[in-house]
Amino acid sequence: MLWRYRDNADGHVHICRPVTVVRDTPDLLAVWMAPGTECVKPVLADGTPVHEEPLATRYTAPRTTVRTRWSGMGVLKLARPRDPWSVWLFWEDGWEFRSWYVNLESPRVRWSGGVDSEDHYLDISVYPDRSWLWRDEDEFAQAQRAGLMGAAQARRVREAGDAAVELIRAWASPFSDGWEHWRPDPSWAIPELPPDWDRTPARTAP
């Protein structure tokens, strides 16, 4: 399966990550992105990492995409069908659990090759002691200044973030579900990044 994000400006796929499906039910999609997975990510036209570009021009400087390998530990991603976010789990070396990460995004659109979404810039980190904090508020504000997100959409994204915070404060699913103790099957192969990773979906998955 491919877990992809479309660019907020023109809609082309600029992030693509092959993943292994852990669970796929009407209520939850859980996928594993293994260490060393070949992915696609955006960079500036000269190859500079996006985060190194000054914030004022980060979303207007020309970009391209590159293939790269995911380094460090893998990532477990959890998504309920209608939620405007997904929840990612991160571990340190030796499987020491580090944190959850609430990635605010459009609800995923299923197609025959995977899922597509659009990132909404604003994020939340959640820690094992149940503390949490907002992430990337500066990028969220800059995306609005750059015209990538209108006032109405920004309001909906902030409301989605507030709804996620209520789940955190209540320590509801998925934070209370024990996923931090999950481990991948060591026999799993790393999915390959296909040559046509940016293809337009031919059909929506049933």
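Q: Which residue in strand 9 does Val-87 stand opposite?
A: The model is a predicted one. Strand 8, residues 85-92, and strand 9, residues 96-105, run antiparallel and are joined by 8 bridges. Within strand 9, the residue that stands opposite Val-87 is Val-102.

Q: What is the order of the strands in the open sheet of 7 strands?
A: The pairing in this open sheet is antiparallel. Its edge strands, each pairing on one side only, are strand 3 (20-24) and strand 13 (132-135). Read across the sheet, the order is 3-4-7-8-9-12-13.

Q: Why is strand 4 largely enclosed by the rest of the structure?
A: Residues count as buried when their relative accessible area is under 20%. Strand 4 is largely enclosed because, of its 5 residues, the number that are buried is 5.

Q: Which residue in strand 7 does Leu-29 stand opposite?
A: Strand 4 pairs with strand 7, residues 75-79, in the antiparallel sense over 5 bridges. Strand 4 also pairs with strand 3 over 4 bridges, where Asp-24 stands opposite Leu-29. In strand 7, the residue opposite Leu-29 is Ala-79.

Notes. Residues numbered from 1 in each chain as written. Predicted model: local features only at pLDDT ≥ 70, side-chain atom pairs only at ≥ 80, totals over all residues. Heavy atoms only, no water. Pairing = 2+ DSSP bridges. Helix = DSSP H or I, 4+ residues; strand = E, 2+ residues; numbered from the N terminus. Buried < 20%, exposed > 50% of the residue type's maximum accessible area, 1.4 Å probe, protein only.
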